[in-house]
Amino acid sequence: MVQGHSAIAVQAFTQAIERQPHFAAAYSNRCLAYIQLEQYQAAIEDCDRAIQLDPFNPNAYLHRGLAQYRLGNYPAAIASYNRLIEQKPYDFRAYYNRGIALCAIGNYSQAIANYNQALSQIPTSARVFLADIYNDRGLAYFGLHNYKSAIADFSLAIRLNANDARAYYNRGCACQQHGEKHKAIDDFTQSLRLNPANVAAYVNRGIARYQLGYQQAAIADLQKASQDYLRQGETAACQKILKLLQEIQRDTDEWQIASIGKAKAIV
């Protein structure tokens, strides 16, 4: 449905451009429609044209940065957001998006600084985005191995949106790294309740269960993950899970043999 609307929008903005070839806003708006259609290079070309026609067009920098980010050109995206911030230093979107791009290149400390700026400047009308910002700041803390702060941010995201499957999954990963395996399992379970398609949640819950000694439950989770990866055509991921399953099953067999031997000695 969204793609259908976006295709209609592209057609409408194209007609507007044909009537007024120097209509900068039409190019920047068509850029956004191209992004929604995942035609990122076309989106960048439209935003470049919009900026040529009107260098003081904040939306053109915002949309271009998003298209560049989606293409994996993170330095270019950061440069676009820098230009936007020069024009609108109080635009929380620019700081938030720049934070995401900084995270992508591993600059977690600067990303956190940008998320803090976004949080300090977000207007009341946009507070629906707060959970996303806390989620992504939590990921930056996770990247710095500051799991306690990451857990706190993911918890804030959950408090703002109790149905945020991503926040539960992220908090589960942070709890797992922080040594809180039982809490991690609870979060992965809640994430799967909200989003059963998250195969990684099965993988991580399986690993946490194995680490706590729940071999059969771990095997069930990892078998489910391997089947899902296979259905998705993710053969490399499937092979990794199958290898892990073999190791767990071998350890389980060895434990059973040791237990049987010990029981006979007691008898």
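**A loop asparagine and the cysteines**

Leaving aside its neighbours within four places in sequence, Asn-198 is in contact with Tyr-169, Ser-191 and Leu-192, where contact means heavy atoms within 4.5 Å. Asn-198 is placed in the loop between α11 (181-194) and α12 (199-211); helices here are DSSP runs of H or I with at least four residues, numbered from the N terminus. With a relative accessibility of 17%, Asn-198 counts as buried, a term that means under 20% relative accessible area, computed with a 1.4 Å probe on protein chains only.

The model is predicted, so local features need pLDDT of at least 70 and side-chain atom pairs count only at pLDDT 80 or more, while totals for chains, interfaces and linings use all residues. Residues are numbered from 1 along each chain as its sequence is written, and side-chain values use heavy atoms, with hydrogens and water left out.

Turning to the cysteines, a search of the whole structure finds one disulfide, defined as a pair of cysteine sulfur atoms within 2.5 Å. The disulfide joins Cys-31 to Cys-47, with an S to S distance of 2.4 Å. The pair links distant parts of the chain, 16 residues apart, with Cys-31 in helix α2 (residues 24-36) and Cys-47 in helix α3 (residues 40-53). The link of Cys-31 and Cys-47 is left-handed, with -100° about the S-S bond, and both cysteines are buried.

Definitions and conventions
Helix = DSSP H or I, 4+ residues; strand = E, 2+ residues; numbered from the N terminus. Buried < 20%, exposed > 50% of the residue type's maximum accessible area, 1.4 Å probe, protein only.
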